[in-house]
Amino acid sequence: MGFVVSDQLVAPVQTIPPDTGKPRPLAKGIALCLSGGGYRAMLFHLGALWRLNELGYLKKLARVSSVSGGSITAGVLGMNWSRLGFDGKDVAKGFDAQVTKPVRELAGITVDQWSIIGGVLGPGSVSDRVAGAYRKYLFGDATLQDLPTDPDEGPRFVFNATNVQSGALWRFSKPFAADWRVGMVRNPTIELAVAVAASSAFPPVLSPAHLDLKPGECVSEPGNDLHQPPYTTEVVLTDGGVYDNLGLETAWKSFTTILVSDGGGKMEADPEPPADWARHSKRVLDLIDNQVRSLRKRQVIESYKLPAGNELHRDGTYWGIRSDVSDYHLPAIPNYPFTPVKCPFGKTILLASVATRLKALDELTQQRLINWGYAITDVAMRKHVDSQSALPGDFPYPAAAVG
């Protein structure tokens, strides 16, 4: 997918899928996209899912597409979907036990620093160590086949990574793992910990992740121009955010309604950027990330503004960790808790500055990130999707608020 860029609009240019020669028709369904951003995004998205569950929207989802930190939260949700306890109802009663508890437990453990040290000094790569931590604390020996089967059991979960060899998106899901240039692994038994580690392999320190496939395991599809070893046997992956930091592409191309939860940070101006290779490399990577995120964000927001009937139009809403509740211009609602007074931009923007790392966060910071994800999700959903839903009572952790 390419982009036409002007001062007013960044709109996607439809590319012709190599297998059909025609744009794919959209399904009438709701897709949720969860961005990258380390533990910051992981917890922000947890708050978003918390509120979506209360609104009855978790059960309505047809697709959950995630990258990086968002893939951690999505992985926990997907693995435990059958234990959420919908029991014929719209709201999952087991959300706290099956999703909140394990995600918060991981948020109290530093993964990146010890993975880097272990990867440098011991056997195995840094990414192997990250996958090992996910395996130990979250996923055990669960594989992609332990996710729900869509559409009967739940939404399809797609974990996005970037293929360093092909330059394309590598998608992990229950029906297949694939790169449109390389080929497809049908019904993959890849460990969930491995898929999430590949999706969250932040460059340069947690990247690359290596995925070894058996000869013949990756089958050819029409249009595959790289279907040959080592592309099909020794796949080299990095963070999904390198290609698409909102996890937007596979959702936007497939569904009529797109919800985007953006827990990503923003690169600040620096009058004297560092010149040493390590910090300069990070600065350049941050520049790339910032540009990718900005283009994707503009793509989806402009699609909401287009008239219904336009092939680029989508329904839905966007909310971000850097959003300001006052920008949504929500009509005055008696007893509504998430006003600019309760969510002052000066405090919420500080939460966006939490480092993009897999580093342990204190309990208060965890609670505030969850609270903010919960609150801004409600504001965005109430403004653009479901204005008649029941009012929330307060933050999930009222004493912590957002700062």
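Student: Which residues does F172 touch, not counting residues up to four places away in sequence?

Tutor: F172 touches L144, F157, V158, F159, A161, A177, I190, A195, A198, L211 and L237, where contact means heavy atoms within 4.5 Å. This is a predicted model, in which local features need pLDDT of at least 70 and side-chain atom pairs count only at pLDDT 80 or more, while totals for chains, interfaces and linings use all residues. Residues are numbered from 1 along each chain as its sequence is written, and side-chain values use heavy atoms, leaving out hydrogens and water.

Student: What makes strand β12 (residues 315-320) largely enclosed by the rest of the structure?

Tutor: Buried means under 20% relative accessible area, exposed over 50%, and partly exposed in between, with a 1.4 Å probe and protein chains only. In β12, 5 of the 6 residues are buried, so the strand is largely enclosed by the rest of the structure.

Student: How many bridges join strand β11 (residues 255-262) to β12?

Tutor: Strands pair if DSSP finds at least two bridges between them, and 6 bridges join β11 to β12, which run parallel. Among the partners, V260 is bridged to Y318 in β12.

Student: Why is helix α2 called oblique to helix α5?

Tutor: Helix α2 (residues 68-79) and helix α5 (residues 126-139) pack at an angle of about 45°, with their axes 12 Å apart. Angles under 35 degrees count as roughly parallel, over 145 as roughly antiparallel, 65 to 115 as roughly perpendicular and the rest as oblique, which makes α2 oblique to α5. The contact is made by I72, G75, V76 and M79 of α2 with Y134, L138 and F139 of α5.

Conventions. Helices (H or I, at least four residues) and strands (E, at least two) are DSSP runs, numbered from the N terminus. Axes are lines fitted to C-alpha atoms, for helices over the stretch in contact, and angles run from 0 to 180 degrees between N-to-C directions.
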